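Welcome, and thank you for taking a look at this protein with us.

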Amino acid sequence: MKLRTFKYSVKEGVKSLYRNKAFTLASVGTIVACLFLFGVFYFLISNITNIVKQAEKSVSIVTVFFDEGTTDLTKQNIKTRILERGEVAEVSYTSSEEAWEKFKESTFSEEDNVDETFGGENPLEGFDSYEIKLEDISMQSEFVEFLENLEGVRTVKCSEDFAENLTTFNSVVAYVAIATMFILLAVSVFLISITVLNGVNVRFEEIRIMKLIGATDGFIKAPFIVEGVIIGMVGAIVPLGILFPAYKKIVSYCLETFGNVIPRSISFVPAGEIFATLIPISLAVGVGIGLMGTWLTLKRKLSVLY
């Protein structure tokens, strides 16, 4: 495209936006609302996913007990096989003595002479174990099946309800977010189509004459494409400018107000990490919506000229 043609397209696109102020504002407003809600959902999903992963790592999801008489070498081999799995976050060994001490603290904390009651013996002898924390709890079933087939493993204990509830919760959040965004995107494309359609109607005779004297398809369509892109970009930039300071303030408020309630193991996703992904996605979605609305309108309305 020549520089003169480019300037003409930008000039006409901006003119069309000004002539159709009401539709332009409605289109921009809808994209702003759409991407603002997208940003809010992205905040929620990112932090919920982060908190769930932190919760998964802070809870012993799977416990492995060994066959009677299993040697230390076999136990070490089991640990090596476990650490080769990508879903494993951490593996810790609990000896029989440590297991008995923990059991005494949780069950007989107010009683004296517990050891004498059991004759000085460890009733949990032979119950040493590996406690395993997972990166991805949705892989728990497959991981448990893998453990049960290892040589030297007697039994595997895990919290199936905990895993299922977390997986279901993640799925519900994702489905709600996708459904809401789909509706908002559809409304945005519809309003941009109306804006561009109104511009085409205003300039329809002019476009017809341009076509008759030999104007190319690209020359005719370019101003409307510029119009859609501008609407999309403005609609993306505005919510980003609102969301960035808002997110930082919300995180600061939550930490100041609920700092004593929120466990130390749980943290919010940093703003820089959030917006490193959100900015390019929002700009791409905004421009994409503008181009889609423009393309659908031009294809339908201008087809009578070709």
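The largest nonpolar core has 19 residues, and those touching the most other members are Val62, Val64, Ile82, Ile132, Phe143 and Leu147. A nonpolar core here is a set of buried Ala, Val, Leu, Ile, Met, Phe, Trp, Tyr and Cys residues joined through side-chain atoms within 4.5 Å. Buried means under 20% relative accessible area, exposed means over 50%, and partly exposed lies in between (1.4 Å probe, protein chains only). Two or more residues of this core come from each of strand 1 (62–66), helix 3, strand 2, strand 3, helix 6 and strand 4 (153–158). Helix 6 gives the most, with 4 residues. Apart from this core lies another, of 14 residues, including Cys34, Leu243, Tyr247 and Val269.

A word on what you are looking at. This is a predicted model, in which local features need pLDDT of at least 70 and side-chain atom pairs count only at pLDDT 80 or more, while totals for chains, interfaces and linings use all residues. Residues are numbered from 1 along each chain as its sequence is written, and side-chain values use heavy atoms, with hydrogens and water left out.

Now for the overall plan. The protein chain has 10 helices and 4 strands, where helices (H or I, at least four residues) and strands (E, at least two) are DSSP runs numbered from the N terminus. Along the sequence they follow the pattern α-α-β-α-β-α-α-β-α-β-α-α-α-α. Of the 306 residues in the protein chain, 37% count as buried. Among the contacts (heavy atoms within 4.5 Å) with a separation of 6 or more, 86% are between residues 24 or more positions apart. The protein chain exposes about 17700 Å², and carbon and sulfur atoms supply 62% of that area; accessible areas come from the Shrake-Rupley method with a 1.4 Å probe, and for residues only the protein chains shown count as cover.

Let us return to helix 6 (residues 140–148). Which of its residues are buried? They are Gln140, Phe143, Val144, Phe146 and Leu147. Seen down the axis of helix 6, these buried residues fall within an arc of 160 degrees, so they line one face of the helix. The arc is that of the directions from the helix axis to the C-beta atoms.

Next come the charged side chains. Side chains of opposite charge can pair when their charged atoms come close. How many salt bridges does the structure hold? There are 3 salt bridges, each being a side-chain nitrogen of Lys or Arg within 4 Å of a carboxyl oxygen of Asp or Glu. One of them joins Asp128 and Lys75, whose closest N and O atoms are 2.4 Å apart. Asp128 lies in the loop between helix 5 (114–117) and strand 3 (129–134) and Lys75 in helix 3 (residues 72–83), so this pair ties together parts that are 53 residues apart in sequence. Asp128 and Lys75 are both buried.

Arg85, Glu87 and Glu142 are linked in a network of salt bridges. Glu87 meets Arg85 at 2.9 Å, N to O, and Arg85 meets Glu142 at 3.8 Å, N to O. This second pair links distant parts of the chain, with Arg85 in the loop between helix 3 and strand 2 (88–94) and Glu142 in helix 6, 57 residues apart.

The whole structure has 8 aromatic pairs. Rings of Phe, Tyr and Trp (its six-membered ring) pair if their centres lie within 6.5 Å; planes under 30 degrees apart count as stacked, over 60 as edge-to-face and the rest as tilted. Phe66 and Tyr130 form an edge-to-face pair, 5.2 Å centre to centre with 90 degrees between the planes. Phe66 is in strand 1 and Tyr130 in strand 3, 64 residues apart, and both residues are buried. Elsewhere, ring pairs link Phe43, Phe244, Tyr247 and Phe275 into a cluster.

Our last stop is Ala177, which lies in helix 7 (residues 160–202). Ala177 is buried, with a relative accessible area of 6%. Leaving aside neighbours within four places in sequence, Ala177 is in contact with Phe41 and Ile45.
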